[in-house]
Amino acid sequence: MHKTKATLRVALAVFLGAATLTATAGAQPAPVPPARHPAGASSAGERDWWKNAVIYEIYPRSFQDSNGDGIGDLNGITARLDYLKKLGIDAIWLTPCYPSPQVDFGYDISDYKNIDPKYGTLADFDRLVAEAGKRHIRILMDMVMNHSSDQHPWFLQSRSSRANPYRDWYMWRDGKGETATDKGAPPNNWESLFGHSAWQWDAATRQYYYHRFYIQQPDLNWNNPKVHDAFKEIISSWLKRGVAGFRFDAVTALYEDPSLADEEILKDKDGKPLINAYGDPVLNDSKTDNLPGVHAVMQEMRAHADSFSSAAFPGTRVLIGETYLPNVAELAKMYGPPNKPEFHLPMDTQVAFINKLNVAALRAKLNDVETKIGDNTPLLLFDNHDNPRVQARYGDGVHDTDIQRALAAVLFLSRGSAQFYYGDEIGMMTTPPTRKEDVKDPIGITGWPNEKGRDGERTPMQWDASANAGFSKAKPWLPVPPSASAINVAAESRDPDSLLAWYENVIRLKKTIPAFERGRNTMLDTKNDKVLSWMRKDPGSPPVVVAVNFTADPQTVRLSVPGFNGKLKTLLKTPGAADPSTLEQIQLGPFGVYVGKILQR
Ligand code: GLC
């Protein structure tokens, strides 16, 4: 697997994928049910809410600052819930807001049952859950089980002596060729996804510990049953607060090959070792990623989360996976066998990171997830906080807004649940730092200038054209991009042809047209390599078609759906496009989109 620069972030993300030892975060409130569907929703609606869900990822640091310190916070999110309700989302996935030294901006957790004071308090969190619930929006937390912070009390204990009861909570190993005066070499050639050796020497106890990510993120030992119990307790504590589920971070990295054998060094076609952005050899990951133990852990966590669903405490608690996997067969396994389910929604990164506007490739990947995961529900996405934004990966610099409309049509009008990243709906752009001294994400420092880190896609949400884009009264922790003067919520809310209006419209179709809510996807016109067309059909309601031109030239498509006449009723189309009268004559402008209902014969 050649990790080119373009795929490096994905690779990074590939794996990127008790407050105290006795651990409590204050008095536990009585269990709070998660947000409910709109009044009158059936219990099946409560149970199945995640099958056609719209999930919005918030990076709390960058969404809305409410207390004037330049860093976003929970009260800021609460203040923006009406905006999110209007957008039409069902759930917020909050990236970590637990206490953390913030080396990896929250993915290095030092207390799993509390809220970092930078983001607020547990009371603020409870208020966010309650206010979101009033708007029928659920809160999903990030669950980081692969590693903790090196400042977590578990690790402080673990590193304090080889005899400490917490020693075996982490992965400690002897080096090779160690002597009384020399630490020897690391146990093997494994690398951190964030650069250099994955083994860190600890002089006090004279062993190495393993870290898949930063040195400050030691890997937990999932062969230790106490680690399982600790996480089940953490999960319970958040579910009792009314959380509707979790996104499991870096979950494919939970286990390593116990033989500790070296990973293979990958070579180019001339037999020379490939070198990554950090100057290290590129390794295979067969010994450090997607080992079978992950499935048993997820079966255990799923059974645990399912046990929270009861008449008194209704609604499915949903488990989402950060599952960068090589193919759809591996993705299918993440749903688990029917009698031992695992994730409800493992992320389909195959579709997300195609990273080129290639109709045949996109069709093949969408078809895979429609036909090769059994009766399970796909979770589609195109973006997250670890990768350059949609505009940077798919834009052509001329038709960026149209391209983003086209991708949003694929995202929301295909079958399954859809996830997107704050700011996608207005077309926020990746704006990487231009000087090494400005970089905040440590991988951007290690990898400069080849890898500038992830700051560029984590800039403050652009609410309006005022100073700091309405994000904060203080200097924001990352600079507001110059594009904020034109690309912002206030401006786009006034424009019916804006990208924001398009997002609201496609989400509304997803949630209100029966064929979009639950109809199967069938690809149409499958030899066409310029236009992606598909039909959604649900028994008992008219089928709908979507046609998306993925080229900069106008295209005409002729579709046919056996058993239906060609007459169409337009549901949505690119601003300015004409209404086609029949299926045989759908005209699309550059990157144009047409969505129509097929009339019965
Ligand atoms: C996940 C997160 C990423 C983080 C990494 C280590 O991939 O998405 O942001 O750096 O895990 O926790």
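**Confidence**

The model is predicted. Mean pLDDT of the protein chain is 92. Of its residues, 92% reach 70 or more. Residues 1-8 have pLDDT below 50.

**Cis peptide bond**

Which residues does a cis peptide bond join? They are W448 and P449, with omega about -5 degrees. P449 sits in a loop. On one side of that loop is α14 (442-447), on the other α15 (489-493).

A250 has a positive phi, near 45 degrees, and is not a glycine. A250 belongs to the loop between β7 (245-249) and α8 (293-306). Is A250 buried or exposed? A250 counts as buried because its relative accessibility is 0%, and the cut-off for buried is under 20%.

A469 is not a glycine either, yet its phi is positive, at about 55 degrees. A469 lies in the loop between α14 and α15. P449 is also placed in the loop between these helices. A469 is buried, since its relative accessible area is 1%.

| Residue | Phi | Relative accessible area |
|---|---|---|
| A250 | near 45 degrees | 0% |
| A469 | about 55 degrees | 1% |

Conventions:
Residues numbered from 1 in each chain as written. Predicted model: local features only at pLDDT ≥ 70, side-chain atom pairs only at ≥ 80, totals over all residues. Heavy atoms only, no water. Helix = DSSP H or I, 4+ residues; strand = E, 2+ residues; numbered from the N terminus. Buried < 20%, exposed > 50% of the residue type's maximum accessible area, 1.4 Å probe, protein only. pLDDT = per-residue confidence, 0-100. Contact = heavy atoms within 4.5 Å.
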